[in-house]
Structure formats: C-alpha cells, structure tokens
Amino acid sequence: FFRAFEQYGISLNRPQIAAVRHNTGAALLLAGAGSGKTSVLVCRTAYLIAVRSVQPQHILLMTFSKKAADEMRGRIRSLPVLDARAAGGVEARTFHSFCLQLLRGRGYRQAILGETGQKHIFFKRLMRELLLQNDYEPETLLARLSAIKLQMISINDLPETTTEEKELKLLFSRYEQWKKDMDKLDYDDLLLEAYRLLRDDPALLASLQSRFQYIMIDEFQDTNQVQYVLVQMLADKHQNLMVVGDDDQTIYSFNGARNDYILNFEHQYPGAVTIVLDINYRSTSTIVGLGNAIIQNNKLRKEKTLLAVKPKGVNPSYARLKTTQDEAQLIADTIIAQTAQGGKRSFGEFAVLFRTASSSRALIELLLTRQLPFIDFGDGQLFYDQWAIKPLLAHLRLVMDRRNFDAMETMLPTLYMNREQAMAFIWNQDKQRAKKWPLIHLLEYPQLKDFQKDKIKERIKLIKSLTECKPAAAITQLRQGFYDQFLETSKRHEVTEHKEGLKEVLDEFEAAASTFDTIEAFIKYIDDITDKHAAVQQQQKHEPNRSAISLMSIHKSKGLEFPVVFVIGASEGILPHSSALAADKHSDRSSIQTGNDTKAEALEEERRLVYVAVTRAQEELYISSPALYRGKPTELSRFIRSAFVAEQEADAGAETALAWICSSDSCQVWQRIITYEDSQAASRACPMCNSPMEQGTKVLPKKSK
Ligand code: ATP
Ligand code: MG
C-alpha cells in the first residue's frame with residue numbers, strides 16, 4: 001500500500017504511517033500546522049478501504065468549512081489506490097451538511113435560513129416590535145444567541161433578573177418561535193435538531209452507530225459543544241474515533257469552540273492513542289521557524305516544535321510601510337512582477353490574509369483599480385455599502401446635491417424620523433412648492449417635537465457649512481456634530497467589541513476620504529469603485545474558475561495553503577485586534593460569548609491567529625505593517641516583533657536588528673535579515689520603489705508590555 005503511494009511521490013513518515021495504520025479504538029493526532037494531519041485522514045481512508053477491506057460507506061469524515069470538505073473529497077478522489085466508486089462512497093462532509101442530510105432523510109422539510117437575508121430581516125423586525133431596535137445591533141445579538149445555543153444552553157434557562165436579560169430572553173424566544181411557526185431552521189438549529197433527533201430516536205442512532213464504524217474529525221480544536229456531543233454519540237458503539245487537530249490553531253472560541261476538548265481527549269477516551277507529527281511539509285524552513293518563534297510565546301498550549309524538511313527558500317519578508325495604500329501598492333507590485341509575461345506564477349498562487357474585513361479596503365480598491373483578478377471570500381459586500389457608512393455618505397451626497405432624494409431617505413433615521421412617513425411628506429410638499437432644498441420642508445412636518453425641529457435646523461446648517469470642506473474633515477465634523485452620538489445613544493447596550501468594530505469602520509471611512517481634496521472627487525471615486533466591484537462580481541459568476549488572488553480573513557484560511565501569502569496589517573490594534581487589547585475591560589460578558597475570560601487569553605487567541613496566518617505559506621511570506629493606520633501612528637505588532645528579534649538580542653535588551661533598508665528617503669521599506677546567507681547577499685532592489693537597498697541596523701519599535 002505505502003509503496004503504491006511512493007510511486008506517486010507521497011512518502012509518509014513513521015508517525016504518519018502509524019496513524020494511517022491505526023486500527024481500532026480512539027486516537028488523537030495532535031500536530032502543528034502543515035504536518036500532514038489532513039493528509040493522514042485522507043490516506044487512512046484509502047488504507048481502511050484498500051487494505052482492511054472496510055466498505056467506503058462505513059467511513060465518516062467530518063470537517064468544518066465547505067472549502068475544506070470539498071478539498072478533502074478532491075484529495076480522496078485523486079488517490080492512486082482507490083477507484084472512483086470507492087472514493088465516492090466515503091462520507092466526507094461538514095458538520096452542517098451531515099446534519100442537514102440526516103434531517104432530510106427523516107422527513108424534516110424545513111427551509112434553511114442562511115446567515116444573512118431573511119433571518120436578518122426577520123430578526124430586525126422582531127427587534128422593532130419589541131422596541132429594541134435602537135438599543136442593540138442585530139448582528140451582535142444573533143452572535144450572542146448562537147453562542148448560547150451552541151453551548152447547549154436552553155433559552156428557557158437564561159436568567160431574567162435585569163430588564164436587559166428579560167428583553168433579550170423575550171426576543172430570543174420570539175425568534176425561535178417564529179422559526180418554528182414558519183417552518184424554518186438556521187445553521188445552529190441544524191446541529192441542535194440533529195442532536196435532538198439522535199437523542200430521541202435510539203433506533204436511528206443505533207443504525208448510524210453501526211454504519212459509521214470509522215469516524216474521523218479534522219480541525220477538532222475548533223469543535224463546539226454540540227458538535228462534540230454529536231461525535232461522541234455517533235462513535236459510542238465502535239469507539240473508532242480518530243480526531244485530528246492542533247491546539248495552537250484554536251481560533252473560534254467566540255463560536256463556543258473549546259480547547260479543552262482536545263486537551264482532555266485522553267481523559268474522555270481512556271486508552272486513546274496519541275500520535276504526534278512534528279515534520280512540516282508545507283513551508284520552507286524559514287517560514288516554519290517563524291511560526292515556531294511566534295507560537296512558543298503562548299502559555300496555554302501543549303509544548304511542541306515543528307521541524308522543517310523543505311529548504312530555506314526565500315526569507316519571510318517584513319515591511320513597515322507608511323500607509324495601507326503603500327501596503328496595497330507593494331502587494332500589487334509584487335504580484336504583478338511574479339505574474340507578468342514569462343513570470344513564474346499565476347494569480348491563484350497568491351493569498352492575502354487579514355484580521356478584519358475593513359482592513360482589506362485599501363487593497364481591494366487598488367486591485368479593482370489596477371484590474372487584478374481576485375476573489376474576496378468575505379461577505380462580498382463593498383466597504384461603502386455597510387450600514388454604518390451609508391448615512392454618512394448620504395450626508396456627503398447632500399452637501400453636493402441638496403435635491404438628492406435617495407440620500408435624504410438614507411439619512412432620515414439620524415434625525416429620529418420615520419423614513420416612509422417623512423419621505424411621503426417631503427415628496428408631497430416638494431410637488432406643491434418645489435423648494436430648492438426639500439429637507440427644509442421637514443420643518444413643517446406635523447407634530448414635530450421641539451428637539452426634532454432643532455435637530456433638523458442644526459443639520460441643515462451643518463450640511464451647508466461643509467460645502468468648501470475637504471471630505472475627511474467633513475466626515476470628522478459629521479461624526480462630531482451628531483453621528484457618533486447618534487450611534488452611541490441608539491445603542492444603549494454595552495457591547496464593547498461591536499462598538500470598536502463600528503469605530504474601526506468609521507475611522508477607515510475617514511482614512512479613505514483623506515486622500516481626496518474635494519467631496520465631489522471622493523463621491524465620484526466611490527461610485528466608480530462601486531461600478532467596478534459590481535462588474536467583478538458579475539465576472540466571477542460567469543467565470544468562477546479563473547485564476548485569481550484569494551483574499552480572506554485569517555479565520556477563513558484555516559487548513560488551506562498557498563505558495564505565496566501576504567499577511568497585512570501586522571500592527572498593534574489590528575493584530576492583536578483592539579478588542580483583545582481591551583478584553584479585560586469586559587471580561588464579565590465575554591466569558592459566555594467568547595470563551596476568553598481575560599486579556600491574556602484573548603491575546604493568546606490573537607497569537608494563534610498569527611500562527612495560522614503565517615503557516616498557510618508554502619514558499620513566500622510577506623508580512624507588512626502600516627506605520628500610519630487610519631491617520632494614527634501604530635506600533636509594529638508585538639507578535640511579529642518578538643518573533644523577528646533573535647533571542648540573544650531580546651535578552652540583551654537590544655532594540656536594533658540587522659536589515660536591508662531602502663536607500664530612498666521617501667520610502668520606508670526595510671526587510672529584516674534573518675539568515676547568514678541573506679546578510680552575505682549582494683545588494684538588492686527595493687520591492688516598493690526599486691531603489692537599491694543597503695544593509696544597516698534598524699531600531700525596532702519599543703517592545704509592548
Ligand atoms: P493544517 O494544520 O494547516 O490543517 P495539516 O497538518 O492538515 O495542516 P496537510 O494539509 O495535510 O497538513 O499537509 C500540508 C502539506 O504537506 C500538503 O501540501 C501535503 O500534501 C504535504 N504533505 C503531507 N505529508 C507529506 C509527506 N509525508 N511527504 C510530503 N508531503 C507531505
Ligand atoms: Mg489540515
């Protein structure tokens with residue numbers, strides 16, 4: 001069997017072979033990134049079928065994302081030792097699709113609600129009915145509800161001491177009731193309903209237990225409680241459960257994933273075999289070394305160090321750039337250089353990873369402008385289409401054109417007016433008297449309260465005063481004038497994380513505006529970007545398989561690999577994210593929602609994110625950190641800093657490092673020298689401006705405590 005594999009260039013190492021050969025009983029495969037965990041599951045599947053004569057349909061493989069499941073099925077199909085029929089017979093699924101199939105098989109006909117769309121619309125409507133729409137953010141509440149359900153806490157058991165608890169409990173139970181009445185299930189329900197089905201139908205459970213003689217779970221470190229219980233139930237009869245994971249890659253604790261499951265596996269299944277893989281086959285040795293250096297700073301982990309087999313390759317490079325625009329330029333230039341005629345790579349070999357979606361704005365816009373093909377694996381929404389941006393943008397449009405009725409409609413809620421009624425009134429007045437500025441009609445709106453009248457007057461004055469303003473200054477004035485306060489008062493609830501998310505988005509909007517001199521130019525730019533974005537989305541629909549740069553959050557990149565990876569925004573406040581830096585301030589509520597009780601734990605999760613990001617790269621890794629972020633100076637991310645400073649230097653308290661530094665005064669690019677070979681290399685050209693680079697020492701930003 002293994003020789004057949006070798007003929008195809010796959011030669012497994014000893015512990016991998018041991019894992020593939022593992023016969024019956026529970027097994028835990030605990031290993032670092034890129035060490036061939038997923039590969040082992042795929043090979044073991046083939047081994048069970050080809051050597052142990054297990055029927056394909058007796059094998060169940062589960063993983064988390066659809067992309068990962070697709071990839072796993074693809075890898076099984078391409079194995080040399082299996083024919084198509086056998087490969088097709090294996091169940092390789094995501095938890096959700098497994099549960100859905102189970103429910104459908106039992107006559108559950110409910111429609112499935114996606115994460116956006118109808119679910120959102122209805123949830124918002126419910127919030128309005130309960131008069132909660134001004135106090136909470138629907139996204140925040142839905143996330144909270146999800147965390148509660150995935151931890152298998154019943155809504156009935158939620159406390160109702162405070163008013164807030166009462167309100168939320170009522171809202172949650174109404175939402176659950178609505179789904180029941182409308183015959184719908186959301187994603188969390190799929191897991192929970194499947195669990196209930198198995199719990200209440202012993203015959204069904206028994207038949208599944210008999211069928212799935214071998215169960216294997218990938219990315220086990222990110223299992224939530226429901227998934228964990230489901231797995232336990234399914235594996236209960238044969239106990240042939242192999243789980244595979246890496247405690248250093250737990251990055252979904254906000255979703256109820258608990259590192260304890262992997263750390264306690266041996267207690268749960270006494271006699272379980274633990275197999276450790278420690279050779280990384282994915283990345284060059286310098287990338288592996290960087291990953292090790294980063295993650296070893298975590299305290300809550302099983303100690304392990306990855307060894308590399310690939311040669312050194314290109315040094316991971318680190319560039320500290322002035323702005324996110326410069327960062328985007330550098331990435332675009334690097335990609336163009338490598339993909340140009342006769343270049344060595346195709347667009348599909350590149351991935352750009354980031355912590356939060358809004359930090360990818362500058363890059364997305366540059367890629368659109370320079371017409372480089374990319375796929376955004378986020379929600380596909382353009383930055384300017386976000387709900388928090390729209391009213392601000394509408395004000396800018398009104399500055400330019402007072403008769404922009406769409407913009408007027410968008411901004412009405414910020415005057416605490418009902419959109420439909422106020423618009424009907426404005427239309428009516430406008431038809432009769434056609435004032436130059438229809439907003440003025442609002443002052444005659446019936447039963448207007450004094451405070452509303454004042455607000456309208458103020459707003460008219462404010463909009464008038466912005467005519468000559470630069471767009472960034474105009475946004476500042478709008479925010480200071482009313483918008484920040486509007487957001488503040490309309491969200492009574494203390495959800496720090498979300499507030500920070502909002503601030504982040506608004507600051508980013510201001511940063512985007514800061515490169516324009518006039519509001520008109522900025523709006524024109526946004527309209528242009530919007531058109532380009534729509535065109536790209538159309539194209540993607542028609543040509544889904546064309547080679548394109550992958551853009552995704554680090555969370556989404558789990559389990560994947562790319563020849564070239566860019567990690568952007570490696571600055572304090574972005575990565576680690578400001579919400580983690582502030583985590584100790586709201587530890588009281590975060591424990592249920594995020595599982596992270598303290599700042600230290602939140603920071604460890606951020607560090608795991610960096611580890612996941614870095615270990616996606618096979619050949620080249622570029623880390624960049626904008627020095628100026630949303631108009632404010634940032635420090636280099638502590639994770640990168642501590643990993644790039646050699647240990648001796650850190651011990652001696654040295655704050656400098658050897659580096660290639662661009663000789664041009666206006667360019668801030670520098671690359672840390674890590675290896676001896678690199679220090680011996682001849683001069684090189686700056687990847688940003690092509691000026692020669694010189695060796696020197698670079699003072700590293702102060703170490704963050
Ligand atoms: P992650 O933690 O990121 O999910 P993983 O442990 O699942 O990583 P794999 O994706 O299975 O790792 O493997 C990483 C890469 O190493 C893949 O490209 C795979 O083909 C390759 N690989 C795995 N085992 C071997 C081996 N024994 N010899 C050569 N290449 C291997
Ligand atoms: Mg994997």
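Two strands pair if DSSP finds at least two bridges between them. Keep that in mind for the first stop. The model is predicted.

**Stop 1: strand S1**

Select residues 27–31, strand S1. Pick out Leu 29: its bridge partner in S7 is Val 244.

Next, show residues 273–277, strand S8. S8 also pairs with S1 in the parallel sense, over five bridges.

Is S1 enclosed or open? Five of its five residues are buried, so S1 is largely enclosed by the rest of the structure. Colour the strand by side. In a regular strand the side chains alternate between the two faces of the sheet. Ala 27, Leu 29 and Ala 31 are on one side of S1, Leu 28 and Leu 30 are on the other, and both faces are covered.

**Stop 2**

Move on to the loop between S1 and helix H3 (37–50). Select Ala 31, Gly 32, Ala 33, Gly 34, Ser 35, Gly 36, Lys 37 and Thr 38: an unreviewed UniProt entry annotates them as "binding site".

Centre on Ala 33. This residue counts as buried because 23 C-beta neighbours lie inside 10 Å, against a cut-off of 20 or more. What does Ala 33 contact beyond its neighbours within four places in sequence? The list is Asp 246, Gln 249, Asn 280, Gly 291, Val 612 and Thr 615.

Then click Gly 36, in the S1–H3 loop as well. Gly 36 counts as buried, with 22 C-beta neighbours inside 10 Å. Neighbours within four places in sequence aside, its contacts are Gln 16, Leu 277 and Tyr 281.

**Stop 3**

Jump to Glu 219, in the loop between strand S6 (214–217) and helix H12 (225–234). Check its phi: near 50°, a positive value in a residue other than glycine. Glu 219 is buried, since 24 other C-beta atoms lie within 10 Å.

Go on to Pro 576, in the loop between strand S15 (562–567) and helix H25 (578–581). Display the peptide bond from Leu 575 to Pro 576: it is cis, with omega near 10°.

Finish at Asn 690, in the loop between helix H30 (676–680) and strand S21 (693–699). Its phi is positive, about 70°, although Asn 690 is not a glycine. Buried or exposed? Asn 690 is exposed, with 12 other C-beta atoms within 10 Å.

How values were computed: Residues numbered from 1 in each chain as written. Chains lettered and ligands numbered in written order. Predicted model: local features only at pLDDT ≥ 70, side-chain atom pairs only at ≥ 80, totals over all residues. UniProt positions renumbered as here; feature names shortened; annotations may be inferred. Helix = DSSP H or I, 4+ residues; strand = E, 2+ residues; numbered from the N terminus. Contact = placed C-beta atoms within 7 Å.
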